[in-house]
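Subject: Structure handover

Hello,

The structure we discussed is below.

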Amino acid sequence: MKKHNYSAGPCILPQEVFEKSAQAILNFNDSGLSLLEISHRSKDFVAVMDEARAIVLELLGLEGKGYQALFLAGGASLEFLMVPYNLMSEGGKAAYLDTGTWAAAAIKEAKLFGDTVVVASSKEQNYNHIPKGYTISADADYFHCTSNNTIFGTQMKEFPSVDMPLVCDMSSDIFSRELDFSIFDLIYAGAQKNMGPAGTTLIVVKEEILGKNGRIIPSMLDYAKHIKAESMYNTPPVFPVYASLLTLQWLKNLGGIAAIEKINNAKAALLYGEIDRNPLFKGAAAVEDRSNMNATFLLNDEAHAETFDTMWKAAGISGLPGHRSVGGYRASMYNALPLESVQVLVDVMKELEAKV
């Protein structure tokens with residue numbers, strides 16, 4: 001039976017990425033060697049890294065605009081530390097928007113470096129919306145936000161105009177929708193949502209914002225050193241970078257971000273339409289802030305949970321239970337999830353309505 005993978009991450013990737021990655025593990029570029037055993041300094045892998053970094057800037061529309069793309073290790077969680085290390089001045093200040101678990105984790109790390117101002121938070125409402133109408137202190141070294149909140153199913157639809165570096169954690173919605181990415185000075189994203197397997201993190205940074213905070217930065221945490229070494233300051237995560245390149249090539253061949261956004265909008269409209277129509281279900285996030293990547297929803301009557309769970313599992317659906325912070329269900333509709341899989345879930349929801 002075909003599986004419909006709604007896992008929040010690590011998550012679904014294009015089938016062709018699995019096939020090409022599997023072949024590369026057996027025999028990379030007809031070298032007679034596995035991708036897992038070649039030198040990261042070899043001509044073949046240097047070409048992979050160069051193309052991966054270049055295609056990122058191409059897809060985001062940032063070529064020739066002073067940005068550098070890096071593939072590093074440590075996950076987005078390490079970026080919670082690297083961002084203030086590189087951007088917050090000694091005795092400085094940073095501004096953060098608290099919209100979920102990962103935003104709160106980033107705030108916790110920033111507080112180790114200096115005055116960290118939370119300009120607004122939706123924590124008291126269990127992060128069910130994106131705060132609006134907040135004021136950002138003009139003397140902050142940077143403003144940090146999280147574009148999509150995987151656990152709670154909210155997504156920023158607009159970003160503030162600021163007179164300081166704008167930093168965004170895009171781990172769970174990068175490459176999913178068109179934005180003017182040039183408004184951001186630093187973007188970071190763990191690979192394991194829309195880009196590849198866990199093990200590498202993408203950083204896109206405007207080079208001119210670096211080296212201005214007066215801090216002595218440990219080498220492994222210094223963006224400038226990684227830029228100079230072209231993402232090879234130390235041994236990079238070879239397989240995740242290669243799989244990410246394949247995913248980005250797939251996206252480019254599909255028509256880029258504009259093409260995938262249309263598909264993502266159709267998937268979200270289909271599922272949210274059923275959540276709102278079906279009297280057995282309700283959405284968990286504020287309607288205006290609903291995420292196109294992670295739809296969180298609940299049964300109005302938990303007495304139907306056992307029946308519903310049996311039905312969606314029988315339909316080949318996987319990864320649907322919601323995070324314990326929200327409960328209910330979470331349908332993660334990342335780029336590689338086909339519209340057909342969303343239709344399967346919607347059909348199950350309709351069948352439940354007819355049954356009860």
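In the largest pocket, helix α3 (residues 75-87) gives the largest share of the lining, 3 residues. Helices (H or I, at least four residues) and strands (E, at least two) are DSSP runs, numbered from the N terminus. Please keep in mind that this is a predicted model, in which local features need pLDDT of at least 70 and side-chain atom pairs count only at pLDDT 80 or more, while totals for chains, interfaces and linings use all residues. Residues are numbered from 1 along each chain as its sequence is written, and side-chain values use heavy atoms, with hydrogens and water left out.

Pockets

The largest pocket has a volume of about 330 Å³. Its lining is made of 19 residues, and those nearest the centre are Trp 102, Thr 150, Ser 171, Gln 192 and Lys 193. By class, that lining has 6 nonpolar, 10 polar and 3 charged residues. The second largest pocket holds about 260 Å³ of space. It is lined by 15 residues, with Pro 131, Lys 132, Tyr 134, Glu 158 and Phe 159 nearest its centre; the classes there are 8 nonpolar, 2 polar and 5 charged.

A pocket here is an open set of points on a 1 Å grid over the protein atoms alone, where a 1.4 Å probe fits, with protein on both sides within 12 Å along at least five of seven lines; lining residues have an atom within 4 Å of a point. A volume is the space filled by probe spheres set on the points, which are joined across faces, edges and corners. Ala, Val, Leu, Ile, Met, Phe, Trp, Tyr, Cys and Pro count as nonpolar, Asp, Glu, Lys and Arg as charged, and the others, Gly among them, as polar.

Cysteines

The whole structure has 0 disulfides (a disulfide is a pair of cysteine sulfur atoms within 2.5 Å). For Cys 11, the closest cysteine sulfur is in Cys 168, 18 Å away, so it is too far for a bond. Cys 168 is in no disulfide either, the nearest cysteine sulfur being that of Cys 145 at 3.9 Å. Cys 11 is buried at 11% relative accessibility, and Cys 168 is buried at 0% (buried means under 20% relative accessible area, with a 1.4 Å probe and protein chains only).

His 323

His 323 sits in the loop between β13 (317-318) and β14 (329-332). With a relative accessible area of 19%, His 323 is buried. Its side chain makes a polar contact of 3.0 Å with that of Ser 325 (a pair of N or O atoms within 3.5 Å, one able to donate a hydrogen and the other to accept it; residues adjacent in sequence count only if both atoms are side-chain atoms). Neighbours within four places in sequence aside, His 323 is in contact (heavy atoms within 4.5 Å) with Ile 151 and Arg 330.

Regards

Terms used. Buried means under 20% relative accessible area, exposed over 50%, partly exposed in between (1.4 Å probe, protein chains only).
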